[in-house]
Each structure stands twice: as C-alpha cells, then as structure tokens.
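I opened this notebook to record what I looked up in the structure. The entries follow in the order of my reading.

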Amino acid sequence: MSYIRLVNVTKRFGDVTAVNNLNLEIDKGECFSMLGPSGCGKTTTLRMVAGFEDLTDGEVWVGDRLLSSPKKHHYTPPENRNFGMVFQAFAVWPHMSVYENVAFPLRLRGLPSAEIDQRTKDALAATNLLKAASESPDSLSGGGKQRVALARALAINPDVMLLDEPLSSLDPHLREEMRFEIKDLQRKYGFSIIYVTHDQSEAMALSHRILVMKLGVVQQIDKPLDIYAHPANRFVFSFIGVSSFTDVLWQDGKAFISGSDRPLPAALTVPEEMKAEARFSLASRPTEIEFTNAEDPAGVHGQVIRRAFLGEIVDYLVRIGDQQVRVQIGRRDPGPGPDEACCLKFLRPFWYKAED
Ligand SMILES: Nc1ncnc2c1ncn2[C@@H]1O[C@H](COP(=O)(O)OP(=O)(O)O)[C@@H](O)[C@H]1O
Ligand SMILES: [Mg+2]
C-alpha cells in the first residue's frame with residue numbers, strides 16, 4: 001500500500017527547474033533511496049517532503065493526508081508532519097548534553113516529563129549513546145554526532161525518516177557500519193525512509209527501491225538489482241558501478257570499435273536499433289568481461305595498457321583501437337601482463353546510442 005505520494009511535483013528556482021514533474025509512491029516501512037549526482041534535485045525533493053520548501057506545482061501526500069498543494073492553497077508546516085530528519089552536516093547543539101539534544105524536540109511538543117525521559121532513553125539506547133548521555137556532543141566523533149542526530153529524529157517516533165546524505169562526512173569504515181545500524185532501527189521502529197545519497201553502493205545496500213535522478217528528471221525507479229541488471233538508459237548504466245563506454249562505428253556493413261582494424265566478432269551481436277546509428281556505444285562493466293584465448297571466435301583483440309593489483313581483484317585497462325576498456329578479474333585468475341596483446345570476451349554487453 002503506497003503511503004507517501006508525490007504527484008506531479010515540480011520545483012523551479014527562477015530559470016532552474018530543480019525537480020521536474022516527479023511522481024512517486026513509497027510504501028509504509030519501505031526504505032527508498034534517491035540517487036544521483038550533485039545538483040540533480042535530491043535535497044530539494046526531500047525539503048519539499050519535509051515542508052521546508054514550497055512546491056511550484058504538484059502535491060505531497062502521506063496516507064490520506066494532503067501535506068502540500070499550491071493549487072489547493074494547502075500547506076502543513078514541518079512540525080505537524082511527524083517526520084524525523086537527519087542531514088549531512090552534524091546538526092547537533094553543542095551547548096546541550098547528548099541527552100538534552102534528544103529530549104529538546106520532545107519538550108517543544110510539551111510532552112509529559114516522564115514520557116520525555118522514557119523516549120529519550122529509548123532512543124539513546126537504540127543508538128548506543130546511553131553512556132554518553134551527559135556529555136557534550138562535541139566530545140563525540142563524527143559518527144557519534146550523527147548518532148545523536150539520529151536519536152533525536154527517532155525520539156519523536158516518526159512516521160517517515162528523511163535522511164540527506166547522513167553518512168557522507170564519515171570515514172568509509174564507519175559509513176558501512178552505520179548503514180546497517182540504520183536498517184536495524186528501521187526494522188525495529190517500522191518507519192519509512194527516504195534516503196538521499198550520491199553513493200550508489202550505499203543506495204544498493206540500504207534500499208528496497210532506488211530512484212535514479214538526473215537534472216531534476218527521474219531516470220528509473222526499481223529494485224537495486226534491477227537497476228544494476230536492467231538499467232533504463234546510458235546515464236543509469238554509467239551511474240551504477242564502474243563502466244566503460246566504447247565507441248563503435250559501421251564500415252562496409254560491419255561494426256568496428258573506433259580505431260580498430262578488426263570488425264567485432266559475429267558472436268557479439270549488435271542489436272537492430274543500432275543499425276541506423278553512425279556511431280554508438282558498447283557499454284560494459286569490468287567484472288563482466290573475461291580474458292579469453294586468441295582463437296576464441298567471440299574474442300575482441302586488444303592490448304593491456306596497465307594492470308593494478310587491488311587486493312582480491314586485479315584491475316586492467318585495455319586498449320582496443322583508440323578506445324579503452326576496464327577489466328577486473330580475481331587475483332587467482334591468470335591474466336596477461338602489461339603491454340601484452342590480449343583477447344576480451346564481453347559477457348554482458350549493453351548497447352547505447354551516442355546521445356541516449
Ligand atoms: N534555494 C535555491 N535557490 C536557487 N537554486 C537552488 C536552490 N536550492 C537548490 N537550487 C538549485 O536546484 C538544483 C538542485 O539542487 P539540490 O536539490 O540541492 O541538488 P542535490 O541535492 O541533488 O545535490 C541545483 O541546480 C541547485 O543549484
Ligand atoms: Mg543535496
């Protein structure tokens with residue numbers, strides 16, 4: 001059952017359309033991520049859901065409650081939306097103890113003091129902060145401060161948790177750990193999450209579904225695996241994981257990688273819709289290419305430019321014609337050395353028009 005609904009939501013700042021006709025439905029208890037490069041409209045969307053930003057057009061609903069609609073002159077202020085919020089910057093109050101940081105919003109709501117104490121302690125316990133309750137948040141690490149912000153958002157018992165790049169100022173190790181803590185909290189408390197990030201692995205690890213956005217326009221909304229396995233277009237392909245795009249062109253009815261004097265093997269079938277394109281792309285992911293022997297009829301010939309050992313995997317850059325392709329294999333697999341001729345087998349090729 002859809003719970004949060006955005007209907008034709010548009011936001012313009014002067015000439016800039018930050019969010020363009022966004023339609024979205026999120027379920028109760030769902031963890032939904034918005035993923036895209038800086039400036040694509042993620043924060044603006046979240047701020048509209050929170051009520052910090054007016055809509056230029058469209059509607060925001062939670063359950064059967066209309067929250068924002070410029071056309072209907074309706075606007076519910078943030079404090080009446082019961083949403084928890086955590087932002088990238090450590091928005092904690094340094095002059096208050098950790099306990100007071102969490103209790104303060106509850107005091108503002110005028111709750112009875114016994115309930116304030118109980119909820120504050122529960123939220124501190126859930127975020128592993130009970131021991132630090134009387135300390136200043138300034139005495140905590142970045143991860144600790146973000147836990148305080150999380151505890152404060154939890155204490156109000158939110159229907160929806162809005163998280164805007166909450167982990168991006170933490171170091172990578174802590175970031176990974178806190179992903180799982182957020183998931184655990186969600187399981188325990190049952191709120192919906194809208195999680196904004198530009199980090200695709202974070203979105204993949206956390207979400208039930210991911211929205212990929214580019215310049216205010218939705219590119220795809222899908223489960224993480226479907227985003228990865230069936231990207232809707234060239235942009236989504238390039239944004240999820242490491243990718244190579246290789247220019248291909250037609251010559252005498254045969255497809256050649258740009259600068260190469262050998263046509264692509266027949267086993268690497270170019271789809272019909274590329275036949276009319278002068279130039280198009282063969283898109284690949286480094287882990288979906290293998291080295292094969294020179295006689296393999298599906299092999300594409302190239303030359304190793306460099307090889308780098310990245311622990312468990314070996315990362316290659318291979319030249320084909322005047323193009324370059326990334327290849328990654330396990331460190332135990334045999335692979336060619338630097339400058340050697342090699343032969344590549346594309347296990348899962350994707351094909352895109354030049355301007356897709
Ligand atoms: N208050 C504002 N005034 C003018 N332009 C803004 C404002 N807030 C955001 N923008 C513009 O809207 C676009 C989307 O911004 P934002 O939502 O912050 O993107 P993201 O969070 O994905 O990085 C950008 O082009 C940004 O410059
Ligand atoms: Mg942002």
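I took contact to mean heavy atoms within 4.5 Å, and I took the domain bounds from an automatic or database domain assignment. The model is predicted: local features need pLDDT of at least 70, side-chain atom pairs count only at pLDDT 80 or more, and totals for chains, interfaces and linings use all residues. Residues are numbered from 1 along each chain as its sequence is written, and side-chain values use heavy atoms, with hydrogens and water left out.

Entry on the domains. I found domain 1 at 2-238 and domain 2 at 243-353. Their C-alpha centres lie 40 Å apart. I noted 7 residues of domain 1 in contact with 12 residues of domain 2.

Entry on the interface. I looked up the buried area, the accessible area (1.4 Å probe) that two parts lose on being put together, summed over both. Domain 1 and domain 2 bury about 890 Å² between them, with 54% of it on carbon and sulfur atoms. Tyr228, Arg234 and Phe237 supply 77% of the area that domain 1 buries against domain 2, more than any other three residues.

Entry on asparagine 8. I recorded a positive phi of about 50° for asparagine 8, although it is not a glycine. Most residues other than glycine have a negative phi. At 37% relative accessibility, asparagine 8 is partly exposed (between the limits of under 20% for buried and over 50% for exposed, 1.4 Å probe, protein chains only).

Entry on asparagine 128. I noted a positive phi here too, of about 65°. Asparagine 128 is exposed, with a relative accessible area of 65%.

Key
Chains lettered and ligands numbered in written order.
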